[in-house]
Every structure is written in structure tokens, then in C-alpha cells.
Amino acid sequence: MREVLADLSLVAAKDLRIEFRSRVLANQVAPFALLVLVLFGVALDADQRTLRSFAPGLFWVAVLLCALLAVQRSVAVERADDAVVGLRLSGMSPSALFLGKATAVLVQLLVLEVLLTGGIIVLYRSSVEDVALLVLTGLTAGVAVAAAGTLYGAMAAGLGVRETLLPILLLPVLAPVLIGATRAFDDALGAAAVDGWAWLVLLAGLAVVLTLVGALAYRVLVED
Amino acid sequence: MDILATESRITTGSRGTRLLGLAALAGVLALLVFAFVLTDPDVRTHPTSGEEFGQFDAVRLLYLHVPMAILTYAAYALCAAASAGYLLRRTPWWDVTAHAAAEVGTLVCALVLVTGSIWGRPVWNTWWEWGDVRLMTTLLLFLLFLGYLALRRAAVDPESAARPAAVVALVAVLDIPLVNRSVEWWENRTLHQKSTLAELKIEDLTLFTLVLGIVVFGLVVTWLLLHRFRVGWLERAEVTHGIDRAIAERRGVASTTGVDSTVGQTREES
């Protein structure tokens, strides 16, 4: 277990270091996230009441779109110079590899979520009613998205058509995450009267299932 | 794998599947008679006002819709089982079975969505009902397996898609109970499906037609599955056959040029 954690942090730190040096997140994904918020605002005719009540859903759709970019970046990093072969030869367990890469994606998603939260507060005039629920939902849903994204990213990359295949594979799987996270945010942002904490339980279940399946399936995918 | 060599006829049919096909065809004709002629439309009279209500002729669509919905789930369950079988055994038989089941299942699933939508228009007065558990679950199942088929088609050779496809199928099947749960909580609207089936006051002939529909479409789907499996198997054989032939051709070319050049060399040297 300690070995897995050590390998996990090695892989995650590697990915984050590459990210920090290349600044793809800061220069491309983060501006894209804000752009999506602006586009929604324009498409919905900038009606403040509408925007406010739809803010939770728009937030999570924006997160999913950004997650696609983050996952594609995470895959591209390994494809360059066949770095993935080196990783496999390193003797790390595939599960640790999966958890490491998923953790790096999660960290990037959390940064984006913070940014997007600021975005909906400023642009859509959302107000945070329940900070704990907001933070826990962001974290739990982030884990689910990162786990599924990393698994499907690896899959699409193995077949060489990753850009077009990833969305159609990943987004339907994340549909329950979108529903759950949106409803929990409805409560946390006071956009609708629902029991957000019950939704958080569903999200936690999803996060656990997707992480376990990912760690097991990654082994099947990278073995050769 | 030697089907290509031994079968000269270009067909995936056999005596068994032809009989099955005929039985399915006869069954479809019988179902048409039962669904359109022998059964009555769903018309009920309100006890106090005397107004007529019910599904009228739209109820006949259910003889098509309900069996296909059941078979969609059966085909996807087969796909998941075959995928698990492939991950355990790693033989092409399981993989081709999973692929065939997914493809036939997706076709039937599309028909379920379309017929359901057509039925919903007169009965619920809407083509689509957001927040209904079964509609959303079926639609997402359809989308999940569109991804599965896209992945299958994206692979250059069928072998390389086998493992990822098996994982996708198993994740899709795991995802379904979660989708179901989340949609059920979403709006707390489990509307119609259960209620309509209960409301139908299923009479003997209606029930019989429904069961007949399940049997008939079971035959049709089995027939499609068998043919799709054989086509898949032939595709595999073609790939291996093609590689073998290419290697043989290369060898032939290489050995003749090799002989010529050595012969030439020895002549020059001598």
C-alpha cells in the first residue's frame, strides 16, 4: 500500500511538473473554461434570473468540457516520445500508474472548479449558501470525472483516434455525475430546494466505483 | 478459422438459420394478424361522465415496443457476459459474440426509442419526457453503446479493440444502475410505465399477443445475432488469412529474387 502511494505521488508529481512548466492549463484550458461561461451567458440571452437558476448545470457542463481537454493533455504527455513505454518498464503497478495520472487530472480539475466557481459568482450572480457541501461536491465529483477520464483517455489513446473517440466514450458514462453534481450544487448555491447531501452520497458511490473499476481495468489495458 | 477455405458459397446462412429465419418470418406475420386484427383497441368509458378514454389504436404499438425493450436489455446483458468471458478466456469467440450482441442490441435499442417516442406522442402528448427513469436510462444506454461501436470501428485490426471494448461494455453495464438511481432521484417522476401496464387491464388475448411478440422478436434477434456473429467471425478469418497470404507472397518474391541474384553472382564470379 505504501509502495502504491509512493508510485502514485511520483506519477502525479511528474504530470503536474510537466503541466507547471508547459502551462497548458493556465494558457489554454482555464481561458476556455471562462469562455464557456461567457458563451452560456450569451446563449441564454443574459437574463440574470435564468442564469442564476441554471448556474449549477452550466458549471458542471463547463467542468466536463474542460475535463475532456485535461484528459487529452494527460494522454498526449505520455504519447510524446513513447513516454508510456518507459512508464510501463519502470515496474510500477498499473493501478498505481492509473491513480497517479488520475490524481494529476483531479488537481487540475480542482483548480478549474475554483476558477469556475468565481466565474459563476461574478458572471451569473450565484451566491454560496453551503460552503461545506460545495467543496465536498466539487471534490467528489472531481474524483469521479478524473477516474473515468483517465481510464477512457488511455483506452482511446491505445487506438490512435483519441480526439474524436474520447467524448463519445466518456460523456455518457459521466451522465450520472452530471446529474448528481448539478443537484448538489443546486442546494449549495440555493438555486433549487433539494437535499444536496443525499446527492453527495450518490456522487461518493460513483467516485468509489469509477476509481476501483479504473484501477482494475487499467491493468487490463496496459498489459502487453 | 478456415471457413474461407472450405466454404465456397458466399453466405452466412445454414440450414438451421434458414429454418430459424422462416420461423421468425411466420411469427412476424402471425403477430401482425394478432396485433392489428384480433385484438381490440384500448378504449374505456368513464364510469360517470361516459366519456371514452384510453390509448385507442396506439396500444398496438406496445406489442412491438415492449418485446424489443426486453430484448435490448437481453442483448446488452449478453454483450457484458461475453465481454467478461473474453477478459477471462481471451479467445476470439467471446469477443465476436460481444461485438455481435452490442451491434444487434443497439439496433433494437434505437427501435425501442423510436417506437416509444411515436407511442408517447398520442398517449402522453409528448415525444419525449425528461426525468422519466426508463427513457433516460435507455437513451444513455444507447449512447454508451454508440461509443462502444465507435471504438470497434476506430480500431485498425479487430484484435486491438477487443480488450478496450470489453472494458467499455462492462463499465456501461455498471453505469446503468447508477444512471437509473440518479434519474429516479432527479425529479421523483416515475410516471407512466408501471401505471400504464397496470392500467391496461391486460386481457387474455392482449397478454397472449404480448407474449407472442416477445417470442417472435426473440427469434428475429437470435437470427440477426447468429448472422452477425458469422460475419464477425469471417472478418476475423479474413484478417488472419490476408496476413498469411501477404507473408506467403513476400516469401515467394524474396526467395525468387534471392535465387536469381545468387545465381547471377555465381555466374559472374565463375
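Modeller: Let's begin with what counts as a helix here: a DSSP run of H or I with at least four residues, numbered from the N terminus. Keep in mind that this is a predicted model.

Colleague: Thanks! How many helices and strands are there in chain A?

Modeller: Chain A has 9 helices and 0 strands, so its pattern along the sequence is a plain α-α-α-α-α-α-α-α-α.

Colleague: What share of the contacts in chain A comes from residues 24 or more positions apart?

Modeller: Among contacts with a separation of 6 or more, such pairs account for 83% in chain A. Of the 224 residues in that chain, 51% are buried.

Colleague: How do I read the length of a helix, say helix 3 of chain A?

Modeller: The idea is to count 1.5 Å a residue and compare that with the distance between the end C-alpha atoms. Helix 3 of chain A covers residues 48–79, and its 32 residues should span 46 Å; the ends are 44 Å apart, which agrees.

Colleague: Where does helix 3 of chain A have a kink?

Modeller: Look at A:Ala55, where the kink is about 60 degrees, shortly before the proline A:Pro56. Just after this helix, A:Asp81 has a positive phi of about 55 degrees.

Colleague: And helix 8 of chain A: is it largely enclosed or exposed?

Modeller: Burial of its residues settles that: 12 of 14 are buried, so helix 8 of chain A is largely enclosed by the rest of the structure. Those buried residues include A:Pro176, A:Arg183, A:Phe185 and A:Asp186. Just after helix 8, A:Gly190 takes a positive phi of about 65 degrees.

Colleague: Which residues touch the most other members of the largest nonpolar core?

Modeller: The general idea first: in soluble globular proteins, nonpolar side chains tend to be buried together. Here the largest core has 125 residues, and A:Leu151, A:Tyr152, A:Val177, B:Tyr148 and B:Leu151 touch the most other members. Beyond its neighbours within four places in sequence, A:Tyr152 contacts A:Leu166, A:Leu169, A:Leu170 and A:Val173, along with B:Val168 and B:Val171. A second, separate core has 8 residues, among them B:Ala58 and B:Leu62.

Colleague: What area is buried between chain B and chain A?

Modeller: About 2300 Å², with carbon and sulfur atoms giving 79% of that area. B:Arg163, B:Leu178 and B:Trp185 supply 23% of what chain B buries against chain A, more than any other three residues. In terms of contacts, 28 residues of chain B meet 25 residues of chain A.

How values were computed:
Residues numbered from 1 in each chain as written. Chains lettered and ligands numbered in written order. Predicted model: local features only at pLDDT ≥ 70, side-chain atom pairs only at ≥ 80, totals over all residues. Heavy atoms only, no water. Helix = DSSP H or I, 4+ residues; strand = E, 2+ residues; numbered from the N terminus. Buried < 20%, exposed > 50% of the residue type's maximum accessible area, 1.4 Å probe, protein only. Contact = heavy atoms within 4.5 Å. Expected span 1.5 Å × (residues − 1). Bend = angle between axes of the 7 residues up to and from the residue. Core = buried A, V, L, I, M, F, W, Y, C linked by side-chain atoms within 4.5 Å. Buried area = accessible area lost by both parts, 1.4 Å probe.
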